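Student: Could you help me learn to read salt bridges in a protein model?

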Amino acid sequence: MKTEPFFRQNESTLMIKEWESFDASLKAGFSTRVGGTSVNGYNSLNVGLHVNDIDSNVIKNREKIAEILRIPLNQWVFSDQVHKAQIHHVTKSDKGKGAFNYENAIKATDGLYTREKGIMLALCYADCVPVYFYAPSHQLIGIVHAGWKGTVENIVGQMISTWTKNEGVSTNDIYIAIGPSIEECCYIVDDRVIEALTTLLGDQARHTFKEVSTGQYRLNLKLANQIICEKNGIDSNHILVSKDCTSCNEELFFSHRRDKGSTGRMMSFIGFEEDES
Ligand SMILES: [Zn+2]
């Protein structure tokens with residue numbers, strides 16, 4: 001059995017270890033809920049500014065992760081996530097957007113990518129699937145937020161086609177990591193979701209769900225996104241998939257479903273440390 005690709009670096013961060021072998025300056029991973037200053041349902045490392053936690057605590061929590069990763073928070077970029085398939089090409093002028101307040105985050109966007117060094121891309125999650133993109137030969141990095149809506153709107157396919165069409169990247173050069181999210185053990189959906197998924201994936205959709213009672217299905221949303229990657233030409237050997245379920249592991253993760261909507265957020269992050277020169 002393959003080892004978990006998201007390696008626990010310390011109490012607060014899980015890192016995609018394997019990708020560091022391409023470039024030691026790459027920092028890519030996922031935050032946990034451990035080691036922060038937030039209280040009540042947000043205990044303790046909540047990094048979501050839009051969930052009614054105290055803003056100053058959220059900033060402190062983000063600063064802590066920024067310090068661990070050695071990329072200052074004013075070089076991070078967050079977006080206002082809306083469960084759609086909009087993707088934004090992040091440039092130097094975006095530095096700091098959404099990092100300290102929600103109002104100036106990149107608007108209505110669930111996917112970010114860049115080729116700039118010294119910028120950390122970040123998105124927030126509490127069950128949805130974080131998907132990471134990396135083309136080592138082009139120094140191109142990206143992340144998307146794929147809940148069931150983003151998944152069926154094909155945000156992962158959008159990122160891949162943006163890279164191949166606009167950035168001149170061959171699909172052979174793209175590596176993918178699928179991070180901790182709610183798993184089929186804890187994720188029941190209805191016909192609406194299954195129909196939308198079947199429209200996108202056709203016959204292959206049936207591998208991703210199991211009907212547990214009339215109109216109720218256990219869904220493996222990580223697998224759905226993995227299949228989307230493969231359908232878009234990504235080599236299956238280039239895809240890493242986390243085994244962590246955010247709902248099962250209450251110690252490590254917030255979960256929107258488990259905590260009935262009132263909970264904190266973890267974040268996915270990816271960025272290159274700035275060159276020393
Ligand atoms: Zn579970």
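Tutor: Let's go through some salt bridges together. This is a predicted model, where local features need pLDDT of at least 70, side-chain atom pairs count only at pLDDT 80 or more, and totals for chains, interfaces and linings use all residues. Residues are numbered from 1 along each chain as its sequence is written, and side-chain values use heavy atoms, with hydrogens and water left out.

Student: What is a salt bridge, and how many does a search of the whole structure find?

Tutor: A salt bridge is a side-chain nitrogen of Lys or Arg within 4 Å of a carboxyl oxygen of Asp or Glu. Searching the whole structure gives twelve salt bridges. In one of them, Lys 17 pairs with Glu 20, at 3.9 Å from N to O.

Student: Where do Glu 20 and Lys 17 lie in helix H1?

Tutor: Helices (H or I) are DSSP runs of at least four residues and strands (E) of at least two, numbered from the N terminus. Glu 20 and Lys 17 are three residues apart in helix H1 (residues 17-20), so about one helical turn separates them.

Student: Are Lys 97 and Asp 94 buried or partly exposed?

Tutor: Buried means under 20% relative accessible area, exposed over 50%, and partly exposed in between (1.4 Å probe, protein chains only). Lys 97 is partly exposed at 28%, while Asp 94 is buried at 4%. Their side chains form a salt bridge of 2.9 Å, N to O.

Student: Which residue forms a salt bridge with Lys 222?

Tutor: Glu 183 does, with the closest N and O atoms 2.6 Å apart. This pair links distant parts of the chain, 39 residues apart. Both Lys 222 and Glu 183 are buried.
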